[in-house]
Amino acid sequence: MSATDLVTAELTIAGRITTASNATFLGAIGETTVVYKPIAGESPLWDFPDGTLAHREVAAYLVSEVLGWGVVPHTWLRDGPLGEGMVQLWQEPDPDHSAVDLVASQDVPSAGWRQVLEGRDESGRTVTLVHEDSPALRRMAVFDVVVNNADRKGNHILAMTDGHRHGVDHGLTFHRDHKLRTILWGWSGDDLTAEERDGLDRLSEELRGDLGRSLADLLSAPDIAALDARCSRLRATGRFPAPAGEMPAVPWPLF
């Protein structure tokens, strides 16, 4: 299906995704399966302006594309049965693999995984939150720092069968204040790779070009300035940050 058809062809709703906090629907444009989040169905938040979550999701896709890592599936704004909203290509993850897990502390994998935190389950047993140690997930962690993702839960990471990792649900992003809440803390203090630094350089350059002009239709000027500052700061330090500030460092629930 062409890019024009994705915007203009009829969007039909197949059902509602009831686990989402905002109105979220499974839909179709022709034979293309999509996720549809109408702006009218966004729940008001105390710290984000009303009616902006769909725009932030599209902005996250544009930043992902400039970084060159394909973190966010194709996402765009268009009209639908319940008004204008965000539309995103549906992704079918590998049902037999998860990039994030909560395991008994004595069963933490010895290699290929990073530990994030320990806690106790409802039975009082010690458990550990872990995520895989992969280049694809590292890139998502860098992306989250840059866009100031306030809601990177475990089920917002889709492990694809080819090894790629998609991130979804990016409405709580691009706040001008520090809001980073993520379960991807396993690389805190590690140096960025050359590929990750190159992505940040591309982003900084494009913020002064086509990307900056596109984001101006989606985000406020202070939000864009804060994005630019985060990108420059991360590039200057050259390493993954550690949790900072008084706010929780992880979202709740974790999944």
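This is a predicted model: local features need pLDDT of at least 70, side-chain atom pairs count only at pLDDT 80 or more; totals for chains, interfaces and linings use all residues.

Residues are numbered from 1 along each chain as its sequence is written, and side-chain values use heavy atoms, with hydrogens and water left out.

The chain has six helices and 10 strands, where helices (H or I, at least four residues) and strands (E, at least two) are DSSP runs numbered from the N terminus. Along the principal axes, the C-alpha atoms of the chain fill a box of roughly 55 × 40 × 40 Å. The radius of gyration of the chain is 18 Å, which agrees with the value near 18 Å that a compact globule of 255 residues would have; this radius is taken over C-alpha atoms, and the globule rule is 2.2 Å times the number of residues to the power 0.38. Of the 255 residues, 50% count as buried, a word that here means under 20% relative accessible area, with exposed meaning over 50% and partly exposed lying in between (1.4 Å probe, protein chains only). The chain exposes about 12,200 Å², of which carbon and sulfur atoms supply 50%; the areas come from the Shrake-Rupley method with a 1.4 Å probe, and for residues only the protein chains shown count as cover. Among contacts between residues at least 6 apart in sequence, 66% join residues at least 24 apart, a contact being heavy atoms within 4.5 Å.

The next topic is open space. On a 1 Å grid over the protein atoms alone, a pocket is an open set of points with protein on both sides within 12 Å along at least five of seven lines, a cavity is a set of points where a 1.4 Å probe fits but cannot get out, and lining residues have an atom within 4 Å of a point. Grid points are joined across faces, edges and corners, and a volume is the space filled by probe spheres set on the points.

The largest pocket holds about 930 Å³ of space. It is lined by 40 residues, and those nearest its centre are Ala20, Lys37, His156, Val168 and Asp169. Strand 3 (32–38), helix 2 (53–67), strand 5 (85–89) and strand 9 (157–159) are the elements that give two or more residues to this lining. By class, the lining has 18 nonpolar, 15 polar and seven charged residues, where Ala, Val, Leu, Ile, Met, Phe, Trp, Tyr, Cys and Pro count as nonpolar, Asp, Glu, Lys and Arg as charged, and the others, Gly among them, as polar.

The second largest pocket has a volume of about 300 Å³. Of the 16 residues that line it, Val145, His178, Arg230, Arg233 and Pro241 are the closest to its centre. Helix 6 (residues 221–237) supplies the largest share of this lining, five residues.

The largest cavity holds about 60 Å³, and its lining includes Val145, Trp185, Trp187 and Pro241. That lining divides into eight nonpolar, two polar and one charged residue. The second largest cavity, with a volume of about 30 Å³, is lined by Trp69, Val71, Ala136, Arg139, Met140, His164 and Arg165. Helix 3 (residues 135–147) gives the most to that lining, with three residues.

Some single residues complete the picture. Asp169, one of the residues nearest the centre of the largest pocket, lies in the loop between strand 10 (165–167) and helix 4 (194–206). Asp169 has a positive phi of about 65° although it is not a glycine, and it is partly exposed, with a relative accessible area of 30%. Asn148, in the loop between helix 3 and strand 9, also has a positive phi, near 60°, but at 2% relative accessibility Asn148 counts as buried. Gly27, found in strand 2 (residues 25–29), is buried as well, with a relative accessible area of 4%. Beyond its neighbours within four places in sequence, Gly27 is in contact with Thr12, Ile13, Ala14, Thr32, Thr33 and Val34. Finally, the peptide bond from Trp252 to Pro253 is cis, with omega near 0°, and Pro253 lies in the segment after helix 6.
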